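Work through the exercises below on a predicted model. Each task is followed by a stepwise solution.

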Amino acid sequence: VISPHAGYIFSGKIAGETFSRVEIPKNVIVLGPNHHGRGAKVAMMTEGYYQMPLGNIPINSELASLINTSGLIEEDNTAHQLEHSLEVQLPFIQYLRNDFSLLPFVISHLPYFSCVEIGTELARAIKEYGKSVLMVASTDMTHFESRQSAMAKDKQAIQCIENLDPEALYNTVINQGITMCGIIPTTITMVAALTLGARQAELVGYSDSADITGDTSQVVGYAGFIVT
């Protein structure tokens with residue numbers, strides 16, 4: 001799943017529509033961008049729990065133990081402490097299934113080859129784990145441009161995702177100056193999905209903040225996808 005992470009009044013409709021079409025397994029990986037710059041560049045939480053209004057969510061330490069932390073991935077809780085992009089996804093999952101365990105990642109900007117390395121490692125660990133795992137990439141689309149400009153830019157990124165082409169997505173976002181904050185989690189998730197045999201990506205919906213505010217001069221775009 002690729003899902004937005006803005007305030008629920010803005011992006012909750014897209015996120016809800018996306019998650020409601022997925023059968024949630026007992027094991028979930030969520031990858032969110034690092035908005036504040038704290039902690040490791042690729043920060044994985046390996047024990048404890050996420051304390052949420054709908055209840056505590058245990059960290060999947062078993063799956064975490066299969067992840068190779070000798071490379072880019074580090075065990076680090078600091079990056080998770082102030083980061084909203086990951087935790088806003090969790091109530092949607094909890095509503096649909098309240099007995100899942102979580103493996104959370106907060107990720108800063110990386111070059112494309114690093115995204116491939118991490119995505120490949122996650123796919124390897126999931127295969128070794130041998131159980132059904134849902135991967136969730138948390139991202140909003142273009143930020144604070146006119147609706148016309150945002151839609152034009154986001155259409156390019158959406159096409160790359162629908163084509164299941166993570167490298168094209170990464171290069172398009174960078175080269176076209178698309179302010180898609182979760183480009184790294186999305187790229188990594190697409191690489192992992194392709195490694196695990198994904199064959200299609202479906203756009204569930206697209207909207208922007210002007211649907212709520214009425215202000216089309218500066219919007220933030222939101223898109224939801226299911227990759228299978």
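**Exercise 1.** Classify Lys131 by its relative accessibility, then find its salt-bridge partner.

*Solution.* 
- Step 1. Lys131 has 42% relative accessibility.
- Step 2. Locate both ends. Lys131 sits in the loop between α5 and β8, Glu62 in helix α2; they are 69 residues apart.

**Exercise 2.** Is Asp208 buried or exposed, and which residue does its side chain meet in a salt bridge?

*Solution.* 
- Step 1. The cut-off for buried is under 20%. Asp208 has 3% relative accessibility, so it counts as buried.
- Step 2. The partner is Arg147, at 2.9 Å from N to O.
- Step 3. The pair links helix α6, which holds Arg147, to strand β10, which holds Asp208, across 61 residues.
- Step 4. Arg147 is partly exposed, at 26%.

**Exercise 3.** Which residues of helix α7 are buried, and what do they pack against?

*Solution.* 
- Step 1. Take the helix range, residues 166–175.
- Step 2. The buried residues are Pro166, Leu169, Tyr170, Thr172 and Val173.
- Step 3. They pack against α5, α6 and α8.
- Step 4. Check the residue that follows. Just after α7, Gly177 takes a positive phi of about 65°.

Notes: Residues are numbered from 1 along each chain as its sequence is written. This is a predicted model: local features need pLDDT of at least 70, side-chain atom pairs count only at pLDDT 80 or more; totals for chains, interfaces and linings use all residues. Side-chain values use heavy atoms; hydrogens and water are left out. Buried means under 20% relative accessible area, exposed over 50%, partly exposed in between (1.4 Å probe, protein chains only). Helices (H or I, at least four residues) and strands (E, at least two) are DSSP runs, numbered from the N terminus. Contact means heavy atoms within 4.5 Å. A salt bridge is a side-chain nitrogen of Lys or Arg within 4 Å of a carboxyl oxygen of Asp or Glu.
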